[in-house]
Amino acid sequence: MMAFEEIRKSEIFNDFYRPMGLGYGAAVLPFNGAARHGVLSAHRGLRAENFSAAAVTLLRQVSPHVRRALQLQRQIARANAVAGGLSVALDHFRMAVILLDRQGIVIEFNAAAKALLDTPGCPLRLVAGRLTAVTSTNAADLSRAIAGVRTRSAEVAPPAVLRLPKPSGGVIGILVTPARGAIGVAYSSDGMVLLFISDPGQAQPSAPDWLMGQFGLSRTEADVAVRLFDGGRIEDIADARRVSQETVRVQVKHVLAKTDTRSQGQLIGLLSRSLGALRGSRR
């Protein structure tokens, strides 16, 4: 509780509340934890009377109902995602995949991700619905990577690649990428993030399977992309696949479109980061 005379001297009152004609205020915190914070507030005009004790009591009584309503909203959204086939869709990926919402909270993860998180010595863990790392340094790196990808446009944001050491030795590779609109009908994917996690302790997908899962490429397009990344020329790829060079060029155009890249050079850079997460974890 703060006296109004003290509030009048504050910057937030003079820069924010006063220009809007707001005077007295009362607020409660429906959420006030390590993962989420939320404020429910009511305000009165500068010429109005202060809130009575009964009004403050009413606001406190309403707060748990607001908290419960927001919790139910999240649960309903999760149920809608499952009903829309999101859970089933993610289980088609052989690698571990985790989907985060705009606030960085885990919406869904597939069976491979659950198996990874349940493995003793896994450097990742779930805390209050958020994905984090066991060590503070790795947790900070993961948080920055997720925030950096989430705040940029999905059309231009390159994926971020992390390699987190495992206590038992070796590393896991994590590719952090915008959801790119391919996560089902139950959600708008704007601002959402997908994490593809490669662990050498689990069965690993091939490079084409990895690209098919991340970018929605067909098997042929993924094979062409891997061959390009490995230094193959259009004529070499055409000979190896026993198709015309024009066919390969069309397939390359499809790969560029699906990966939001505009040139083969841009594509190679993207594949370097993407396949680096897969191949780097095997070292």
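Ile12, Phe16 and Met20 make a nonpolar surface patch of about 310 Å² (patch residues have over 30% relative accessible area and no salt bridge, with nonpolar side chains joined within 5 Å; areas come from the Shrake-Rupley method with a 1.4 Å probe). Ile12 sits in helix α2, residues 11-17 (helices are DSSP runs of H or I, at least four residues, numbered from the N terminus).

A quick note on the numbers: this is a predicted model, where local features need pLDDT of at least 70 and side-chain atom pairs count only at pLDDT 80 or more, while totals for chains, interfaces and linings use all residues. Residues are numbered from 1 along each chain, and side-chain values use heavy atoms, with hydrogens and water left out.

| Helix pair | Angle | Axis distance |
|---|---|---|
| α8 (residues 219-229) and α9 (residues 234-241) | about 135 degrees | 10 Å |
| α8 and α10 (residues 245-258) | about 95 degrees | 9 Å |

That angle of about 135 degrees makes α8 oblique to α9, whereas α8 and α10 are roughly perpendicular (under 35 degrees is roughly parallel, over 145 roughly antiparallel, 65 to 115 roughly perpendicular, the rest oblique). On the α10 side, Thr220, Glu221, Val224, Ala225 and Leu228 of α8 meet residues including Val248, Val252 and Val255 of α10 (contact means heavy atoms within 4.5 Å).

As for charges, the structure holds 8 salt bridges (a side-chain nitrogen of Lys or Arg within 4 Å of a carboxyl oxygen of Asp or Glu). One of them links Asp141 and Arg144, with the closest N and O atoms 2.5 Å apart. Both residues, Asp141 and Arg144, lie in helix α6, 3 residues apart, about one turn of the helix.

Technical notes: Patch = residues over 30% accessible without salt bridge, like charges linked within 9 Å, V, L, I, M, F, W, Y side chains within 5 Å. Helix = DSSP H or I, 4+ residues; strand = E, 2+ residues; numbered from the N terminus. Axes fitted to C-alpha atoms, helices over the stretch in contact; angles between N-to-C directions.
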